[in-house]
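We will take a short tour, one selection at a time.

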Amino acid sequence: MPPDAAAIHAAERARAVFEDHRPLVQDPDLVARIAEIGREALAGTPLLAARGGEAATLREGWRFAVLDDPEPEAVLFADRTVFVSRGALAALPGEPALAALFRSAATTFASGAFRPVSAGELVDQPLSLVLPAEPGAGSPQEGAPSRDRWVDLLDGLVFGEPAEYGVADGRDLLLPRADFRLVLPGRSAFEPVDRGVFRATRNGESAGLTVREIPAAAGSALTGGNGVAAHRAELAELGARLREAAAREAAEVVFLEAFRVRAFTGVRGRLHPAPDGDSVQASDPAPGLLALVPARESLVEVRLDCGRRRFDACEVWFLEVLGSADRLWDTPVPGPLRIAAVAAGESGSVREALARLAAEGRIDGGLAAAEFLNRGWLEEPLGPGERVLVLSRERDQNAADAGGRGR
């Protein structure tokens with residue numbers, strides 16, 4: 001039950017609107033490789049695998065495109081167009097999973113999904129496709145040849161959010177829109193969590209510190225104003241926002257105070273669980289710490305969960321991080337993270353190779369992200385010259401951003 005003429009006509013209109021609002025990765029080589037995998041997947045789709053008749057024509061005319069979007073997403077239009085985001089490519093565990101996604105798209109297309117539910121109605125387009133979490137056993141192109149093709153496919157692809165939403169560069173966190181910078185002490189490092197959200201890690205483990213950039217609302221006292229009255233209004237709004245943030249977590253703020261560091265004035269306080277009548281136990285977690293700093297038209301939230309660490313040491317570390325706040329001044333903002341294929345150099349498993357590369361400082365963006373990119377073969381042994389996927393900013397120094405892809 002493939003789409004009828006009305007559904008295909010509706011798809012052409014809907015796709016034109018979709019492409020006007022969703023930028024594509026402009027890389028013919030990447031698109032050609034994706035299309036090759038797509039054609040192979042369609043040939044193995046039961047509903048399209050017949051040698052003649054209508055099923056043979058249904059295998060023709062398919063188009064594959066890559067959205068320049070970090071969110072994992074894949075969608076299908078009734079005119080045989082499949083869009084898969086670069087975030088989806090990074091999230092898939094290998095080429096067999098991408099082939100499974102395309103077979104799912106073909107099955108959806110040929111099995112009546114675009115047929116109207118009732119007379120006179122059309123199905124909304126595009127249809128969302130579910131990303132396979134793991135490759136299926138016995139999938140075609142498994143093994144080393146598939147891994148090599150997948151490594152080649154992802155090599156150079158932009159990973160994560162554009163630099164305007166913040167750059168985690170080792171110990172440094174740069175927020176260009178806010179003109180704001182933080183530096184972690186010791187051997188800690190920042191890594192991205194979500195758009196405008198970063199966490200601190202130490203030896204690959206979370207250090208409990210989270211930094212979030214929040215756009216300030218229009219008309220807010222944080223977006224402008226000079227003089228004593230404006231400064232007082234700004235501090236009052238910051239204090240109110242900090243209390244609201246605490247209340248959302250069933251906590252209350254104590255020791256709320258204003259502070260100033262370099263070009264910024266903010267408020268900070270301790271977060272205690274709201275009293276519920278029970279006495280405080282010695283084994284209860286230490287209080288949390290929260291600070292809000294207005295920067296340009298943004299609000300930077302710095303939060304530290306002390307857990308069961310000594311509170312005095314936790315607070316000293318928190319104040320040290322806040323004390324590093326500064327404007328970017330002339331600091332160049334690094335280019336985006338890109339997926340890069342590198343030779344492991346020594347024998348051992350993929351997991352061991354990644355740990356060694358991280359220890360040598362050759363992985364940007366964190367070991368956990370690199371392990372995620374290679375999760376389809378983490379425990380497999382590496383042969384001479386075989387490559388693994390890591391994250392790197394170096395590629396952007398010599399190549400212009402090609403809409404999500406660089407060579």
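Where is Arg262 found? Select Arg262 and you land in the loop between strand S11 (251–261) and strand S12 (264–273). Helices (H or I, at least four residues) and strands (E, at least two) are DSSP runs, numbered from the N terminus. Phi of Arg262 is near 50 degrees, a positive value in a residue other than glycine. Arg262 is partly exposed, with a relative accessible area of 48%; buried means under 20%, exposed over 50%, and partly exposed in between (1.4 Å probe, protein chains only).

Before moving on, note that this is a predicted model: local features need pLDDT of at least 70, side-chain atom pairs count only at pLDDT 80 or more, and totals for chains, interfaces and linings use all residues. Residues are numbered from 1 along each chain as its sequence is written, and side-chain values use heavy atoms, with hydrogens and water left out.

Next, select Arg80, in the loop between strand S2 (74–77) and strand S3 (81–85). Phi of Arg80 is also positive, near 70 degrees. Is Arg80 buried or exposed? With 18% relative accessibility, Arg80 counts as buried.

Now go to Pro126, in the loop between helix H5 (95–110) and strand S4 (127–128). Look at the peptide bond from Gln125 to Pro126: it is cis, with omega near 5 degrees.

Then colour helix H8 (residues 311–323). Its 13 residues reach 18 Å from the first C-alpha to the last, close to the 18 Å expected at 1.5 Å a residue (1.5 Å times one less than the number of residues). Show the side chains of Phe311, Cys314, Trp317, Phe318, Val321 and Leu322, which are buried in H8. They sit on the same side of H8, because they cover an arc of only 140 degrees around the axis, taken from the directions from the helix axis to the C-beta atoms.

For the last stop, select Phe159, Gly160, Glu161, Pro192 and Val193. Of the 32 residues lining the largest pocket, these are the closest to its centre. About 690 Å³ of space lies in this pocket. On a 1 Å grid over the protein atoms alone, a pocket is an open set of points where a 1.4 Å probe fits, with protein on both sides within 12 Å along at least five of seven lines; lining residues have an atom within 4 Å of a point. The volume is the space filled by probe spheres set on the points.
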